[in-house]
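This report goes through selected local features of one protein model, one topic at a time. Please keep the sequence and the structure in view while reading.

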Amino acid sequence: LGLALCVGSLCAASSAASRYHDYCVIGAGPSGLQAAYFLQQAGRDYIVFERSHAPGSFFALYPRHRKLISINKRYTGKSNSEFNLRHDWNSLLSHDQRLLFRHYSRDFFPDADTMVRYLEDFASLLKLRVQYNTAIIHVTLERDGQAWNGHYFLLTDQDRQNYKCSSLLVATGTWVPNVVNFPGSEYVEGYETVSINPEDFAGQTVLILGRGNSAFETAENILGVTNFIHMVSRSRVRLSWATHYVGDLRAINNGLLDTYQLKSLDGLLEGDLEDLAIVKDKKGKLHITLRFYLENRNTSAGIDSITFPQDELDNFATRAPYDRVIRCLGWKFDFSIYNRTLRMMPGKGNKKKYPQIKPSYESRGTRGLFVLGTASHSVDFRKSAGGFIHGFRYTTRAVHRLLENRHHGVPWPSTVYPVTQLTNSIIKRVNEGSGLYQMFSVLADIILLRENATAFEYLEEYPVGVLAELEMQTGRKASNGLFVIIMEYGRNFSGADKDVFYYNRAVGEAQHAWQSNFLHPVIYYYKHLPTEHEMRLRPPDWPLPRPDAVHHIVEDFLTDWTAPNAHILPLRRFLENCLSTDLRNFFAESCFLFAFTRQKLPPFCLQGYVRMQGLVGSKGLQRQAVEAGLLADYTHTDFSGDRPPDSHEGSQDQLLRDQAIPVHPLQHLVNAKDE
């Protein structure tokens, strides 16, 4: 009995030592702070753990040469804040206008130190609950049937303090450097520690391992002081303007391409880094050879006994010795702190640096564990902007909305409109929505039709990868069909080997909109919500399964889809065909005539004219409508001797002339010209 009491008291003490929160966020980088903001706005119980003394510790070190490649476009010619976020790649989402990045830097490519200061202000001004100097070193599960997800998450920090959470949000990013091991790799300097003083490379010959922005950033810094720079990687260079992927090589760093193609000694090579070997001679020079040349040699022999490729091929590309070799191979996710019970597994192929997650950003191995920010980029790797601030600020908001519905019964935010506003609602969003624009092919606006298509419910920025789960994930019903609005590039326009500057690369005619190459809106119509099976069988590179109907709004040079004939009219007719209804707007005069000549009134007349809704008429508006040819002018017509008083035509004209209808509130609404 005494032993049992002792064990019980120890268990109670252990339990009491665990500090509980509904939500635990690991990492106070941009995505962690963004998640904290939404949780705080919703009044949830949460805590953010940050191993450093301040938020954004990654940006305190990286990029090493301190210039960000995320654009800070301060002027767009527009005052619409949602539109301006399309071209602001650094700001996080909040209600505080002071926390827009344009207030922190005037530079188009800002300094990384400015980002650190911005994140510090974001956390402090919004009073986010961040616990600094807390490094989470172990995460495991505690099974409990009463918990939200059937288990709690147990976290342990460097001081052996325990924390318990119902839901875990991992926002640590990818910060562990990628390292390739091969003979002689001990002579390689890492991007994370190499000198950033160009004078340290004066008169030297340098080999850089890697082909991404960090590699080219390093080369750009020393381009003017080295003898020459060679860069080797297993894949060819991918330019962001050709792939339309912001993680590929950006123009700000590609000076080495000029010096390579213009034959100024620098050069690029392709090869598998694991096949390389580095040999250091007595003078400290580094010689490149291949691994298989070293496999059978006498290890006690000196460098003179080593066979080099140039011994067999005397014009071998890397036959000249190097003074320094620098590794710039990017980063990967830290899996080391997660217990096996969480089943946090790396992805496959080129996604192995990220954890495996679902399109909902939830771990494939553990319910209730969500991955945010850069580490969640496996969902849209090399497709969209989910690995960068201007992308994951929206996916983080989407995750928050999923959690609000799952754990707190708060449905996905939506707005209900009459069907007469369908065209206008779509046009407004495709011209302003920043989440649609930045997370193209990943986040979509969903329009849920009400019964008989008299109204619709509008949901913004829902992850299309879980479209089949829409009803469960959002708390909204999709029983009467739906439209999905998404932004896409042309199917065959993007790629490392594509010429994106060829003649006639743009489409201007609405009838050829389906051939649009540049980013443009695409509307999918489904009579029924797609199933999981249909989602799995969707065509390659399609974000969605085959719809019942699809409409492309033709690309626009100004990304301004408001042209009446090229953009709005084809869209309206597509919607009318899908719904078998008339979505035009009419003057009250037309609605009055339709009431006598048609069995079914257009929705605009039913929802406006019949309900006595609309604008109050005036003589000025009537005169403008007459001058525009939208209304007949009855003010100067004399009916006294032209027709007998009992004439049907005369009585109808007299009724119209007497202004019984033209002064109706809906008389002067727009779009009657299209009647």
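## Terms and basis

A residue counts as buried under 20% relative accessible area, as exposed over 50%, and as partly exposed in between, with a 1.4 Å probe and protein chains only. Helices (H or I, at least four residues) and strands (E, at least two) are DSSP runs, numbered from the N terminus.

The model is predicted, and local features need pLDDT of at least 70, side-chain atom pairs count only at pLDDT 80 or more, while totals for chains, interfaces and linings use all residues. Residues are numbered from 1 along each chain as its sequence is written, and side-chain values use heavy atoms, with hydrogens and water left out.

## Disulfides and other cysteines

How many disulfides does the structure hold? There are two, a disulfide being a pair of cysteine sulfur atoms within 2.5 Å. With the bonded cysteines of the protein chain numbered in sequence order, the pairing reads 1-2, 3-4.

The link of Cys24 and Cys165 is left-handed, with -70 degrees about the S-S bond. Cys24 belongs to strand 1 (residues 19–26) and Cys165 to strand 6 (residues 162–170), so this pair ties together parts that are 141 residues apart in sequence. Cys24 is buried because its relative accessibility is 0%, and Cys165 is buried at 0% as well.

Another disulfide joins Cys591 to Cys605, with an S to S distance of 2.0 Å. The link of Cys591 and Cys605 is left-handed, at -80 degrees about the S-S bond. Since Cys591 lies in helix 17 (residues 588–597) and Cys605 in helix 18 (residues 603–609), the pair ties together parts that are 14 residues apart in sequence. Cys591 has a relative accessible area of 0% and is therefore buried; Cys605 is buried too, at 0% relative accessibility. Two further cysteines can be described by their accessibility: Cys328 is buried at 3%, and Cys578 is buried at 15%.

## Helix 2 against helix 11

Helix 2 (residues 30–41) packs on helix 11 (residues 389–408) at an angle of about 35 degrees, and their axes are 9 Å apart. Axes are lines fitted to C-alpha atoms, for helices over the stretch in contact, and angles run from 0 to 180 degrees between N-to-C directions. The crossing of helix 2 and helix 11 is right-handed. A crossing is right-handed if the near helix is turned clockwise from the far one by less than a right angle, and left-handed if anticlockwise.

Which residues meet here? Helix 2 brings Pro30, Ser31, Gln34, Ala35, Phe38 and Leu39, and helix 11 brings Ile389, Phe392, Arg393, Thr396, Arg397 and His400. The residues of this contact between helix 2 and helix 11 divide into six nonpolar, four polar and two charged. In this grouping Ala, Val, Leu, Ile, Met, Phe, Trp, Tyr, Cys and Pro are nonpolar, Asp, Glu, Lys and Arg are charged, and the others, Gly among them, are polar. Contact means heavy atoms within 4.5 Å.

Is strand 20 enclosed or open? Seven of the seven residues of strand 20 are buried, so the strand is largely enclosed by the rest of the structure. Leu482, Val484, Ile486 and Glu488 point one way from strand 20, while Phe483, Ile485 and Met487 point the other way.

Two strands pair if DSSP finds at least two bridges between them. Strand 18 (residues 443–449) runs antiparallel to strand 20, with four bridges joining them; Leu448 has Leu482 in strand 20 as its bridge partner. Strand 20 and strand 21 are also antiparallel and are joined by seven bridges, and Phe483 has Tyr525 in strand 21 as its bridge partner.

## Features in loops

Thr318 sits in the loop between helix 10 (309–312) and strand 14 (324–327). Thr318 is buried, with a relative accessible area of 9%. Leaving aside neighbours within four places in sequence, Thr318 is in contact with Leu269 and Ile288.

Tyr62 and Pro63 are joined by a cis peptide bond, with omega about -10 degrees, and Pro63 lies in the loop between helix 3 (57–61) and helix 4 (81–84). Asn504, in the loop between strand 20 (482–488) and strand 21 (520–526), has a phi near 60 degrees, a positive value in a residue other than glycine. Asn504 is exposed, with a relative accessible area of 73%. Thr559 has a positive phi near 45 degrees and is found in the loop between strand 22 (549–552) and helix 16 (564–579).
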